[in-house]
Amino acid sequence: MSNIQQDSDRLVAMQNSPEFARLRKAYRGFAFPMTAVFLSWYLLYVLASGWARDFMSTELWGNINVAYVFGLLQFVSTFLIAWLYERHMDNKVDPLAADIRAELEGEAAR
Amino acid sequence: MSANVFAATDVSGGQQALTTILFLSFVAITLFITLRASRATRTAADFYAGGRSFSGLQNGVAIGGDYMSAASFLGIAGIIALYGYDGFLYSIGFLVAWLVALLLVAELMRNSGKYTMGDVLAFRMRQRPVRAAAGVSTIVVSIFYLLAQMVGAGALVSLLLGVSSDTAKNLTIVSVGALMIFYVTVGGMKGTTYIQIIKALLLMTGATVLTLMVMFKFGWNVSDLLGTAAEKSTDPEGFLEPGLRYGKDITDAAGNLDEKATLYSKLDLVSLGLALVLGTAGLPHILIRFYTVPTARAARKSVVWGIWIIGSFYLMTLALGFGAAALVGPKAIIDQDPAGNTAAPQLARVIGEDYFGTTGGTIMLAFIASVAFATILAVVAGLTLASSSSVAHDIYANYVHRGEAPEGTEVKVARIAAFVIGGVAIVLSIYAQKLNVAFLVALAFAVAASANLPAILYSLFWKRFNTSGAVWAIYGGLISAVGLVIFSPVVSGKPPVPPSTESPSLVTDPSIDFSWFPLDNPGLVSIPLGFFFGWLGTVLSKEHNEYKAAELEVRSLTGVGMEKASVH
């Protein structure tokens, strides 16, 4: 296996290959926009806690106000994004990664 | 029920004995497991990474164990009990942070690293400067966190066992330190992981039992629980809304809104929020957990499990905090500890008494108190392991010996480092006892977010990034975060809160004030600075290793050439 690590040209070629570009896109295409989404959503919550106090203290059911619902939604979105990410990686990214790995390791064995 | 539920004279002998017995059984079980784990610890991969043979679920529970510190168990419950809604902000930041670790860091790190955070940072760089920087920031972050935990342990034992002498506190710190050194030197990552798992299960059990008791008491009516908590609080109007503790509206002596102070207070809230959400994925003791599983896929599963466990736990802290406010009341909590750290144990006693009489209260308190000790012990073990691994692997093997340390010496050095770091932490904690060191946890997160995270993300995602960039990012972020805190109100210049004449800052003499940075938390400024320095250092240097960059990217995404699990 150690000759894989030494064979740098092959890795550079792989890095520039269309199949690796597909893998990179499959991963980044999900991870990057989703990171932007959850960070903005979280930041919105923090900013609302600081500057939109009236909105946050609007009571919805009994003593439960918008701030609690907003906070609980952060939990819900975290669980949901974790689940979506796991599903995406399992189904869309792992097979691409496995193919490339097999190709590189197969070449190395030859 | 007396208002002061466990002032020194009020702690019953029975409860004291029971807490001690429960805690000693935890210690006995963990010592046994550590000794067993030591027999399966032969190679460096065993010592540093538990042989990479834990399952995703096991490591997920262990992640929960490493992460849910006394600060989140006792601290957040206490903040909610005293300040209501604002404690919730903390738990949300702590949880959402895991998405950064899951989406951007965990799997790529597992594929490309070996034992430490420095492995990934130095992968495509010149080894020595980056190894040194990674070692320094790992040790700084871990020691800050460690000190806060150990000083907390000293304070906790006096509250929970009703002994307040300095000797007892020092003895606690020394025993906690001795145990963590033993766990790490003997059990390595394997032993430490099992301890995290047991601790996480205990903590989840304790929190679930308390939550169910609170919810049942209020007939599962959340609104009723919140209402009762607010009525009992010092500020029934504001208790259920944001703003009692963070982002406060500050008024001057005449009662007018001080706009500048209010703005700073709100910016401090944003700063804290940023440090919490971006710090987790830069905490070395969390990062090395990703190496304990066989594949990137298992690393992914373990973080998802971790998110479920940590999320459920933080939801329960709401019930604990508001339950304590409603059933114990803020006066009794403040009498015991002005910071509210004993709110959860006090709740355990009150609600235990409510359901099962005095004996029930005693048993519940003893149980929760021993869970709290187990929590501290497990977290300090994880921190000691992370920092001693970095000393041995980053500094000794790769900086001093340039990757060619004599066979078999590296793990020996790691064990010696655990002794030294443990010893230093014990001595520093004994001296730091009289100081208000709670800010050190927030500072550890700020340094992790400002120094480690920029370097990790640039390494993994920016082709052009180079040695100079990595070194600038780490030292730049580290110095900005620590420097800003030194000149912040945390260290000097907070006005005394009557009736006390001492400043709540680290420097308690109110006449000494060298603060000029207005925020308690440096994150808002130091995190962008860390990213900026990483960029600047990169563009100022022409160095670029195309081959290693290709290797890192291909390897991090596919797992080609990754470190395999060891087979026993």
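Visitor: What pLDDT does chain A average, and what share of the residues score at least 70?

Guide: Chain A averages a pLDDT of 91, and 92% of the residues score at least 70, where pLDDT is the predictor's confidence in each residue, from 0 to 100. This is a predicted model, in which local features need pLDDT of at least 70 and side-chain atom pairs count only at pLDDT 80 or more, while totals for chains, interfaces and linings use all residues. Residues are numbered from 1 along each chain as its sequence is written, and chains are lettered from A and ligands numbered from 1 in the order in which they are written.

Visitor: Where in chain A is confidence lowest, and where is confidence highest?

Guide: Confidence in chain A is lowest in α1(A), with a mean of 51, and highest in α3(A), at 97. These belong to the 5 helices of chain A, which also has 2 strands, the order from the N terminus being α-α-α-α-β-β-α. Helices (H or I, at least four residues) and strands (E, at least two) are DSSP runs, numbered from the N terminus. Chain B, by contrast, has 19 helices and 0 strands.

Visitor: Why does the radius of gyration of chain B agree with that of a compact globule?

Guide: For 568 residues, a compact globule would have a radius of gyration near 24 Å, and chain B, at 23 Å, agrees with that. The radius is taken over C-alpha atoms, and the globule rule is 2.2 Å times the number of residues to the power 0.38. The C-alpha atoms of chain B fill a box of roughly 70 × 55 × 45 Å along the principal axes.

Visitor: What does the globule rule give for chain A, and what radius of gyration does chain A have?

Guide: A compact globule of 110 residues would have a radius near 13 Å, but chain A has 22 Å. Its C-alpha atoms fill a box of roughly 70 × 25 × 25 Å, again along the principal axes. Of the residues of chain A, 29% count as buried, whereas buried residues make up 64% of chain B.

Visitor: Why is Thr116(B) called buried?

Guide: A residue is buried if 20 or more other C-beta atoms, placed from the backbone, lie within 10 Å of its own, exposed if 12 or fewer, and partly exposed in between. Thr116(B) has 30 other C-beta atoms within 10 Å, so Thr116(B) is buried. Thr116(B) is found in the loop between α5 (86–112) and α6 (117–121) of chain B. Leaving out residues up to four places away in sequence, Thr116(B) touches Thr138(B), Ile288(B), Ser389(B), Ser390(B), His393(B) and Asp394(B), where a contact means C-beta atoms within 7 Å.

Visitor: Which residues of α2(A) are buried, and what puts them on the same side of the helix?

Guide: In α2(A), the residues Leu11(A), Met14(A) and Gln15(A) are buried. They cover an arc of only 100 degrees around the axis, which puts them on the same side of α2(A), the arc being that of the directions from the helix axis to the C-beta atoms.

Visitor: How many residues does the contact take from chain A, and how many from chain B?

Guide: The contact takes 47 residues from chain A and 42 residues from chain B. On the side of chain A that touches chain B, the largest share, 17 residues, comes from α5(A). The residues of that side divide into 28 nonpolar, 13 polar and 6 charged; Ala, Val, Leu, Ile, Met, Phe, Trp, Tyr, Cys and Pro count as nonpolar, Asp, Glu, Lys and Arg as charged, and the others, Gly among them, as polar.

Note on methods
Contact = placed C-beta atoms within 7 Å.
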